[in-house]
Each structure stands twice: as C-alpha cells, then as structure tokens.
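Dear colleague,

Please find below the structure that I am handing over to you. My findings follow it, with the criteria stated where they are needed.

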Amino acid sequence: MCPPADSVRSPMTRGHKEKLDNSKLAKLEPHKLAQTFEQRWVRIDDVEYDVTNFKHPGGSVIFYMLSNTGADATEAFKEFHMRSPKAWKMLKALPQRPAETPRSADPDAPMLQDFARWRAELEKEGFFEPSRLHLAYRCLELCATFALGTFLMYIGRPLLASVVYGAFFGARCGWVQHEGGHNSLTGSIWWDKRIQAATCGFGLSTSGDMWNQMHNKHHATPQKVRHDMDLDTTPAVAFFDTAVEDNRPRGFSKAWARLQAWTFVPVTSGVLVQMFWIYVLHPRQVLRKKNYEEASWMFLSHVVRTSVIKLALECGWAKAYGWFWVGNWIAYMYLFAHFSTSHTHLDVVPSDKHISWVNYAVDHTVDINPRNSVVNWLMGYLNCQVIHHLFPDMPQFRQPEVSRRFVAFAEKWNLNYKVLTYYGAWKATFSNLDRVGQHYYVNGKAKAH
C-alpha cells in the first residue's frame, strides 16, 4: 500500500527471521533486507505472491517493493511487464494469498484508480503502439551520423568527426538502446532486445543487459536512497547532502567534492564511467552470463569502428584507437550529463519510505521543455521523464503529447508536475552539484553514530 506523502512506513513489518535493530535494518541494501525475512512477498492489486524461491530474470530489483516492507508493486509490475504474457503466467504460478488490507483503503487509491482509467484511455487512443516508420527513421539517422563522422575523418577533420561520432551517432545509439531496453521500439520484446544489443554494443561498447539491470533499479524507485543506482555514485560524485554517509562505504575526498561541478561531465562521466563500464563492468557481465551476442557487438565496436577510422585517416592502429576513445568520451559526457538533468537535483526518498508509482514519477523526476522539438531531438525524447517514468513501455516519441495531457491530471489531483526549460534543467543540475560539493568541502563526512 502507498502511504500519504508525508508519512514514513518502516520496513520492519513482519516475517523477520530474528529480531534485529530497526535502525540497522533501515540501512540495509534491498537484497540484504530481503534476506532477513523468512518468506518474501510481492503485492499486485489485492493479492500477495510468494517470491521467496523465485529467481527473477530482472535481478534483485524484485526486492525493491516487497510487501513485507509495506510496499505495493502493482503499478511497477504492470508497467514493466505490459508486453510480456510470460511474466503474467509466471506471476500466476507463484504461491499466493489475499493481501491483509484492500487497495481501496490506501489514501492514494482514488488518484491511482483515476490514473488507471487515464492510462486505459491513452492505450485505446494508440499511444502505446510502436511505429515502424519512426523506427526506420531512427535507424536511418544512426547510419547517416556514422557515415558523416566517417566522411569527416576521411577529409582530415578527426576532432569534428569525433564530435559527430560521439554526440550524434554514439549518443543516439544510447537513446535507441534505452528504448529497446524498455521494449517500446517494435512491440516485440525479442526484436527490441536484438536492437538494444546492437546499438548498445556497437555504438557504446557496452552490454544492454547490464544496462537494463542497473537502469530498472532507477525506474522502480527514482531518487530513493540505497535503491536508485543513479544516486549510488560516491566518491566520484555526490548528488545529495547525505550521499557519502548513505551510499555504500567508499573513500571520500573533500577537495574532489568541492570540484565535482567541474569534473562531473569531462572526468566523472567522460573518463571514469566510460573506462569502468567499457573495460571492466560490462565485459565482466557478458562473460559471466556467457552472452555471446552482446560480447560480439562489443568486440566489433572496438575493432570495426577503429578500423574505419584507421582507413579513413590512413594512420596507425594506436592513433585510430585514440580517436575511437575520444568519440566514446564525447558520447558518455553527452549521455550522462543529459540523464542527470532529469532528476539528480531533486529531493531524495528515504530508504524506508514508500510512495506511490505516480508520486515517484511526479515528485522525483522532471520534464524538460517537451513542447520544443529541438530539445525533444537533442534528448531523444527522454526530456519527458515524468511521462517516461509513468509509462516506461510507451514509445518515447509519443510522450511530448502525453505530457501536455498530463497537466490536467496533475491539476486535478494537486500534483506538483514540474516542467523546466532546457537551460533551467542544466542550471538546476550544476547548482546542486556545486551546493553539495560545497557542503562536503566545508562540513566533511558526518561521523557515524
């Protein structure tokens, strides 16, 4: 069930293996907290399903909304799995029991019922239907930007070519693979995952499957401490005032924190994230899972793209690979900087608090100028983050129109729907980085009690 916005529900409700200190439980990672329960339950509508022995294909995100902790996973399950009959069959096969209280007792129940009705209207109007024509345009755009980058290499403009390879081809591969991960490109999960593997692997040298596991944790509970992977970024960058204390224990530097507004894009995103993802985290994942499809695309990314640069510039392998790296550096700066503008500057949700699916989207993400077609293009339609979090499986090119319609729903239910300008989103992001950096530079890390 979802409590009122100002209430905090303790995760220490029922079914623990042994008596543990509540303050310690509140600081556990979701998968560690799940281990403290004899049985683990997930609530969908007015039924609880036993997931104690269930191996979730999407990983540990299933522990983010255990009903043992007071959470309700109804909207999360339905939105994440709307195109998967298999997921519904697996759910119905699990042991189940009636929930202790009906959803109608939830203070948010009228709003959530109205949300379900509005969603049904959008689905009836075709807003969840993919477009083959739009997909063809997106694929043609990738081919054209790669060809343009190669042409610029050929005429001896490697720096400009790297900008095109990174900010256009690489970044737009990132937008497309993201949509493939949400199964909203073709309407076929199988085909969407093939497109994601190709664009993520060849365009960004990384694993789509790894991206999905990390990204879905953000989608399930945006801005929630110890849940949202996008916040678990210390010591490289701290997005909120207790990030160093609340994230997993790692090193800490006051001087680095003070400079984080300046280092976040060129160093943290462009160098640290890129190097760790491309050369450690994602290769390790595909090898562990023996994902030969993604491994092949990642390998081709290094070999084919470097070979193309080598032939175009008529240079050696080392120089060609150096320009390949520069292109990736620009792509990672572009993508992570833009992703950060949609939520990292907003308030965080305490780890032991549960709010509704709608409140997660509205209170902890923002839309960025959805009526501006240039901004829509620059951000691959992911400037509509509120709408995207409400409907992650909705084709993203349809979301600007839905954002216009959402205004009336937000006003009806007194929701604080935030729409920023493109400049305003950047200002909010970097002002927050500077403020948090100054906080840690002056105050340092808080002492543990």
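Which helices and strands each supply at least two residues of the lining of the second largest pocket? They are β1 (41-44), α3 (74-80), α4 (85-92), α8 (189-204), α9 (208-220) and α13 (292-313). Helices (H or I, at least four residues) and strands (E, at least two) are DSSP runs, numbered from the N terminus.

Two remarks on the source apply throughout. This is a predicted model, in which local features need pLDDT of at least 70 and side-chain atom pairs count only at pLDDT 80 or more, while totals for chains, interfaces and linings use all residues. Residues are numbered from 1 along each chain as its sequence is written, and side-chain values use heavy atoms, with hydrogens and water left out.

The pocket

The second largest pocket has a volume of about 1300 Å³. On a 1 Å grid over the protein atoms alone, a pocket is an open set of points where a 1.4 Å probe fits, with protein on both sides within 12 Å along at least five of seven lines; lining residues have an atom within 4 Å of a point. Grid points are joined across faces, edges and corners, and the volume is the space filled by probe spheres set on them. Of the 44 lining residues, H56, P57, G58, H81 and N216 are the closest to the centre of this pocket. The lining divides into 22 nonpolar, 13 polar and 9 charged residues, where Ala, Val, Leu, Ile, Met, Phe, Trp, Tyr, Cys and Pro count as nonpolar, Asp, Glu, Lys and Arg as charged, and the others, Gly among them, as polar.

Salt bridges

The count of salt bridges comes to 22, each being a side-chain nitrogen of Lys or Arg within 4 Å of a carboxyl oxygen of Asp or Glu. Burial is described by relative accessible area (buried under 20%, exposed over 50%, partly exposed in between; 1.4 Å probe, protein chains only).

R103 and D72 meet in a salt bridge at 2.7 Å, N to O. This pair links distant parts of the chain, 31 residues apart: R103 is in the loop between β3 (96-98) and α5 (109-124), and D72 is in the loop between β2 (47-50) and α3. R103 is buried at 16%, as is D72 at 7%. Both residues also belong to a network of salt bridges that links R43, D46, D72, E75 and R103.

R119 forms a salt bridge with E79, with the closest N and O atoms 2.6 Å apart. Here helix α5, which holds R119, is linked to helix α3, which holds E79, across 40 residues. R119 is buried at 12%, and E79 is buried at 2%.

The side chains of E125 and R405 meet at 2.9 Å, N to O, in a further salt bridge. E125 lies in the loop between α5 and α6 (132-154) and R405 in helix α18 (residues 399-412), so the pair ties together parts that are 280 residues apart in sequence. E125 is partly exposed at 47%, and R405 is partly exposed at 30%.

Other features

R157 lies in the loop between α6 and α7 (158-181) and is partly exposed, with a relative accessible area of 49%. The C-alpha atoms of R157 and L313 are separated by 9.0 Å, although these residues are 156 apart along the chain.

V303 has its place in helix α13 and is partly exposed at 34%.

With kind regards
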